[in-house]
Amino acid sequence: MAANAQRRGIGRALMERLIAESEARGYRLMIAVIGDSAQMPSIGLHRAAGFRLVGALEGVGYKFDRWLDTVLMQLALGKGTSAPP
């Protein structure tokens, strides 16, 4: 992302719209796959939107001479798993 677009609330606005649209369409769960556990801004954005950490895949990617862990987060939408499909 361009430096002048960072920390302006654009990601949060997009995330809020995506969550609202997904709930309106009846989806029950969102899953985030974050490709680098060092991406704390992305993890923080998801956490602030209500996602919870559900796991990590260790050393599954390699970029810029280092192994990367992939972070898995999820958010229940609507009734989530408390109601049958």
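## Terms and basis

A residue is called buried when its relative accessible area is under 20%, exposed when it is over 50%, and partly exposed in between, using a 1.4 Å probe and protein chains only. The model is predicted, so that local features need pLDDT of at least 70 and side-chain atom pairs count only at pLDDT 80 or more, while totals for chains, interfaces and linings use all residues. Residues are numbered from 1 along each chain as its sequence is written, and side-chain values use heavy atoms, with hydrogens and water left out.

## A helix residue

H46 lies in helix α2, residues 40–48 (helices are DSSP runs of H or I with at least four residues, strands are runs of E with at least two, and both are numbered from the N terminus). H46 counts as buried because its relative accessibility is 12%. Beyond its neighbours within four places in sequence, H46 is in contact with M15, A32, I34, F51 and M73, where contact means heavy atoms within 4.5 Å.

## The sheet

Three strands make up an open sheet in the order β1-β3-β2, with antiparallel pairing; two strands pair if DSSP finds at least two bridges between them. β1 and β2 (52–63) are the edge strands, each pairing on one side only.

Strand β3, residues 66–76, is joined to β1 in the antiparallel sense over six bridges, and V33 stands opposite L72 of β3. The antiparallel pairing of β2 and β3 runs over eight bridges, with M73 in β3 as the bridge partner of L53.

## Two faces of β1

In a regular strand the side chains alternate between the two faces of the sheet. Strand β1, residues 29–34, has a covered face with M30, A32 and I34, and an uncovered one with L29, I31 and V33.
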